[in-house]
Amino acid sequence: PAQREHYDYLRGYDRAFAADVDRAIPILSALRDEGKDPVLRFRAGATLANALYSARRYREAFERLNSALDQLPQITDPEARAQVLSVAAQLYSMAGQAELA
């Protein structure tokens, strides 16, 4: 099950990276909402926020981003934390919120 979740994350990330957000969003949403690994759920939320922003679904993107940022204190994995903070900086910057970025 853990390997399957990791595979699903990589599949969703790949689809988002390839700008196939219509396929990425359901994969990442399912993992974010139903995954067992809290770090992978956290990372899926950040990747999902980025994919939603790319799809011009701004409200949903910032809702997912805010949810991930709320979880930040509980996540100790430095790479996952860096990923979420990087996505936050990118999205806030693109939204014209330089101070928040």
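**Before selecting**

This is a predicted model, in which local features need pLDDT of at least 70 and side-chain atom pairs count only at pLDDT 80 or more, while totals for chains, interfaces and linings use all residues. Residues are numbered from 1 along each chain as its sequence is written, and side-chain values use heavy atoms, with hydrogens and water left out.

**Stop 1: the whole chain**

Along the sequence the pattern reads α-α-α-α-α. The radius of gyration of the protein chain is 13 Å, close to the 13 Å that the globule rule gives for 101 residues, so the chain is as compact as a globular protein of that length. That radius is taken over C-alpha atoms, and the globule rule is 2.2 Å times the number of residues to the power 0.38.

The protein chain exposes about 6,100 Å², of which carbon and sulfur atoms supply 50%; accessible areas come from the Shrake-Rupley method with a 1.4 Å probe, and for residues only the protein chains shown count as cover. Of the 101 residues in the chain, 39% are buried, where buried means under 20% relative accessible area, exposed over 50%, and partly exposed in between.

Colouring by charge shows 13 positive and 14 negative side chains, with the centres of the two sets 3 Å apart. Lys and Arg count as positive and Asp and Glu as negative, whereas His and the chain ends are not counted. Each charge is placed at NZ of Lys, CZ of Arg, CG of Asp or CD of Glu.

**Stop 2: the nonpolar core**

Which residues have the most contacts inside the largest nonpolar core? Select Phe42, Leu65 and Leu91, which hold that position in a core of 28 residues. A nonpolar core is a set of buried Ala, Val, Leu, Ile, Met, Phe, Trp, Tyr and Cys residues joined through side-chain atoms within 4.5 Å. Helices α1 (2-17), α2 (21-34), α3 (38-54), α4 (58-71) and α5 (78-94) each supply at least two residues of this core. The most comes from α3, with 9 residues. In soluble globular proteins, nonpolar side chains tend to be buried together.

Now centre on Leu65. Neighbours within four places in sequence aside, Leu65 is in contact (heavy atoms within 4.5 Å) with Ala49, Val84, Val87, Ala88, Leu91 and Tyr92. For the chain as a whole, 51% of the contacts with a separation of 6 or more join residues 24 or more positions apart.

**Stop 3: along α3**

Move to Leu40 in helix α3. Leu40 is buried, at 8% relative accessible area. Excluding residues up to four places away in sequence, Leu40 touches Glu5, His6, Tyr9 and Leu31. A distance label between the C-alpha atoms of Leu40 and Glu5 reads 7.9 Å, across 35 residues of chain.

Continue to Ala44, also placed in helix α3. Ala44 is buried, with a relative accessible area of 0%. With residues up to four places away set aside, Ala44 touches Tyr9, Leu28, Leu31 and Arg32.

**Stop 4: along α1**

Select Asp8 in helix α1. Is Asp8 buried or exposed? At 17% relative accessible area, Asp8 is buried. Not counting residues up to four places away in sequence, Asp8 touches Ile27 and Leu31. The C-alpha atoms of Asp8 and Leu28 are separated by 7.8 Å, at 20 residues apart along the chain.

Then select Ala16, which lies in helix α1. Beyond its neighbours within four places in sequence, Ala16 is in contact with Ala24, Thr47 and Ala51.

**Stop 5: two loop positions**

Go to Ala19, in the loop between α1 and α2. Ala19 has a positive phi of about 65° although it is not a glycine. Its relative accessibility is 63%, and Ala19 counts as exposed.

Finish at Arg56, in the loop between α3 and α4. Phi of Arg56 is near 65°, a positive value in a residue other than glycine. Arg56 counts as exposed, at 66% relative accessibility.

Terms used
Buried < 20%, exposed > 50% of the residue type's maximum accessible area, 1.4 Å probe, protein only. Helix = DSSP H or I, 4+ residues; strand = E, 2+ residues; numbered from the N terminus.
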